[in-house]
Amino acid sequence: MSTEPITVLLCGVGGQGTILAADLLAHSAQAAGYEVKLSEVHGMAQRGGAVTTIVRFGEKVSAMVTDEGCADVVIAFETTEALRNISYLKADGKLLVNDETKKPLPVLTGKMEMPPDARGTLTKLGASLVPATKIAREIGNEKCSNVVLLGALANEVGIGKSFWEAQIETRLPARLTEINLTAFRAGFAYEEEAGLQ
Amino acid sequence: MRYMELLSGNEAIAQGAWEAGVRIGVAYPGTPSTETMECFATKEGVYAEWCPNEKVALEVGLGASAAGARVLATMKHVGVNVAADPLFTAAYTGVGGGLVILAADDPGMHSSQNEQDSRFYALAARIPIFEPSDSAEALRFTKEAYDLSERFDVPVMIRSTVRISHAKTLVEVGKRTEVSLKEYTKDPAKWVMMPAFAKLRRSVQDARVASLKEAAESCSCNEVMMKDSAQGIICSGAAYHYVVEALPHASVFKLGITWPLPAQALKDFEGAVDKLYVVEEASDYLSAQVKALGIQVADTPKTLPLAGELTPDIVRQAFGGKPRQAFEPFEGLPNRPPALCPGCPHRLVFKELTRARALITGDIGCYTLGALAPLSAMDTCVDMGASISMAHGFELVMGETEKPQPVVAVIGDSTFAHSGLTSLMNTVYNQGGGTVAILDNRTTAMTGRQGNPFNGETLQERPTRELDLETVVAALGVTDIKTIDPFNMKAVRQAIKEALANKDLSVLIFRAPCILLEKTRDVPVFVDETCTDCGVCTSLGCPAISRDVLAQRAVIDEALCVGCGQCEQYCASSSIRKSGSW
């Protein structure tokens, strides 16, 4: 690992589990021996607003926030939020997107329109579209889509699989451990296969 | 072995207070401070309570401190305004047991109505203020703050910002040191702040300020990191990390205490560097204070923004760095504002108030979201309790305007307890009219559903009594009081109609629990083929309802719908029905 810290920006919609995912990422990085900083903004975001969380880890981390063009990975829980945060990605960064779209209120009420062909735009930008919500639904709980995405992320950031799984086992309620481990492994396998193709 | 934990700044302050032997915690919730007291309340051997407001909290804290215990009081920056009255005089009385006040600022206004800098309070009240730059410092400085408080007989502030309070960094946690109670002895010259005694305490304060300034010179919370002498940067808090990242070769003076400043140490730093700059966020507090010491502060090549948060890149560019190559931001995206939840009991009330063409003075809480489209049901929102007092002000003048409108104040249960009671008392006392709508959702919802006097829940789940809202309002002298189910459109409409027709003051209590309190949900509704695409249901601004432009009808997202039935009541074609499949 380089001496420069790795910066991951997680973005989505309030209620999608971005904050829990960021927490699992941060603790996995800590367990793997890195210095970690995590910065989140809640408050108004809890009411269905846009949410972003930043996790930075490495031998030494200074700022707890990041800038445009500085994120090694942008992990988006929703396609519109992926487009909204695209400017944060490094030129050679990794864009990981849940293949899921949630319409914001101004669109629901007909005041604004969704971006045309968000998926196409994201694919052109080199994004990996992960059907995380679909995978989670198949496993049995749509809410695990955040952990499916973490599984896909695990391939990208050089933290061993065992560190992630240990955090899932210790930080989630016992009744949710098994399904989340399955979700994590499914995301990991999906991204691994996508990488091979 | 050292035990490191990943803690938020708020958790670290709670941990620091606990390790320092603090016994008593007092607070009113407010972003980004709230989790500090929630976390402290879970610690072994402490007492913690939510108070109706920050002034009360600080006064309870001052009493407990006078009685000899170490005390933690926490609040958001605007809460300090409310607590300012006891704060300025507590700066005269001093303390018994150590008294530390967390002021959590919100540069960037993620969840606040203004961007004020709490350091000005420390300056004005002449009390020391600590500024941690991460969670480890938050813990260490909190412990230092208690020592300083007792050593100099002074309340001490800790200033955090959202990037300290809500950032998690590694912390080494320790054990609690039990601190025995300081003995209370009757001492009117210290505790009775009438002019004769206050004059004496004022000179005590002057002497204390002089010794605090001396102590600041050698305080271990201030740190100088000499590198290249071409540039010297004075900074504090989160900005320190941005400076380190943006200007890795610059020499840095990191202030851990930003009042009083270590004048001599800063002058020495000035002498050791060619050019000296101050980097701070959303304020000019620090640069003004440094300049006031007679130190030459250079202007950055590009001016730092006076509003909003900093980032490393903003700092880098202020010192002449070129903009970074990045993907073009995507233009024309629909924004994603927060919204009242599906099933929120406030929604229908706002819809009906708009329908009645009322002028609506709003207040602070989830229901402030009623100001956003499509409800657009708010004319003003300023501070806690202002809905009722501003409504009275509008009422005084409205009759003389060309387009008089009925005036309705909208306030939540917790905000009413915080500052609405005195406002309502004033309206009654001065024979004011108008309507006050109390949206009683049985909780302090916006900050994460805390207890308050009107829901009868305490912070540490101690048994208590629930204040009866109707009785309290009646006791204030209001005669026209109605309690209404906010899910019943006809009842809401009728009650508003009657209240607006009444020239005297009416209080309408809309009571139903916050949808997030009771996680039960009813069968979701769906829209059948008889939908005429009239758009009334979407005008409720429910995140579960959208318009399918191609099919020309409304659509309800079953996953989001909680089956509250508000939209059903507005559907003229009876096209919204309970889904049978749930």
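Me: What pattern does chain A follow, read along the sequence?
Reply: Chain A reads β-α-β-β-β-α-β-α-α-β-α-α-α-α. Here helices (H or I, at least four residues) and strands (E, at least two) are DSSP runs, numbered from the N terminus. Chain A comes to eight helices and six strands on that basis. This is a predicted model, in which local features need pLDDT of at least 70, side-chain atom pairs count only at pLDDT 80 or more, and totals for chains, interfaces and linings use all residues. Residues are numbered from 1 along each chain as its sequence is written, while chains are lettered from A and ligands numbered from 1 in the order in which they are written.

Me: What is the confidence in chain A, and where is it lowest and highest?
Reply: pLDDT is the predictor's confidence in each residue, from 0 to 100. Chain A averages 92, and 95% of its residues score at least 70. Helix α3 (residues 105-108) of chain A has the lowest confidence in the chain, with a mean of 90, and strand β4 (residues 71-76) of chain A has the highest, at 97.

Me: Why is chain A called as compact as a globular protein of its length?
Reply: The radius of gyration is taken over C-alpha atoms, and the globule rule is 2.2 Å times the number of residues to the power 0.38. For 197 residues the rule gives 16 Å, and chain A has a radius of gyration of 16 Å, so the description holds. Its C-alpha atoms fill a box of roughly 50 × 40 × 35 Å along the principal axes.

Me: Why is chain B described as compact for its length?
Reply: Chain B, with 18 helices and 22 strands, has a radius of gyration of 27 Å; this is close to the 25 Å that the rule gives for 582 residues, so chain B is as compact as a globular protein of that length. The box filled by its C-alpha atoms is roughly 80 × 65 × 60 Å, taken along the principal axes.

Me: How do you know that β2 of chain A and β8 of chain B pair, and in which sense?
Reply: Two strands pair if DSSP finds at least two bridges between them. Strand β2 (residues 35-40) of chain A and β8(B) have three bridges, in the antiparallel sense. A:Ser39 has B:Ala167 as its bridge partner in β8(B).

Me: How many residues of each chain are in contact with the other?
Reply: Two residues are in contact if their C-beta atoms, placed from the backbone, lie within 7 Å. By that test 46 residues of chain B touch 47 residues of chain A. On the chain B side, α10(B) gives the most, five residues. Sorted by class, that side has 25 nonpolar, 13 polar and eight charged residues. Ala, Val, Leu, Ile, Met, Phe, Trp, Tyr, Cys and Pro count as nonpolar, Asp, Glu, Lys and Arg as charged, and the others, Gly among them, as polar.

Me: What domains does chain B have?
Reply: The bounds come from an automatic or database domain assignment. That assignment gives domain 1 (4-217), domain 2 (223-318), domain 3 (347-511) and domain 4 (525-578). The centres of domains 1 and 2 of chain B, over C-alpha atoms, are 26 Å apart. Between these two domains, 23 residues of domain 1 are in contact with 24 of domain 2. The largest share of the domain 1 side, five residues, comes from α9(B).

Me: What makes β9 and β13 of chain B edge strands?
Reply: The open sheet has four strands in the order β9-β11-β10-β13 (chain B), with mixed pairing. β9 (223-225) and β13 (275-278) of chain B each have a single partner strand, so one side of each is left without a neighbour in the sheet. β9(B) pairs antiparallel with strand β11 (residues 250-255) of chain B over three bridges, and B:Met225 is bridged to B:Val252 in β11(B).

Me: Which strands does helix α11 of chain B lie across, and at what angle does it run to β10(B)?
Reply: Helix α11 (residues 263-272) of chain B lies across β9, β10 (228-236), β11 and β13 of chain B, at about 150° to β10(B). Axes are lines fitted to C-alpha atoms, for helices over the stretch in contact, and angles run from 0 to 180 degrees between N-to-C directions.

Me: Why are β14 and β17 of chain B placed at the edges of their sheet?
Reply: Five strands form this open sheet in the order β14-β15-β16-β18-β17 (chain B), with parallel pairing. β14 (359-361) and β17 (480-484) of chain B have a single partner strand each, so each has one side without a neighbour in the sheet. Three bridges join β14(B) to strand β15 (residues 407-412) of chain B. Helix α15 (residues 386-398) of chain B lies across β14, β15 and β16 (435-440) of chain B, at about 175° to β15(B).
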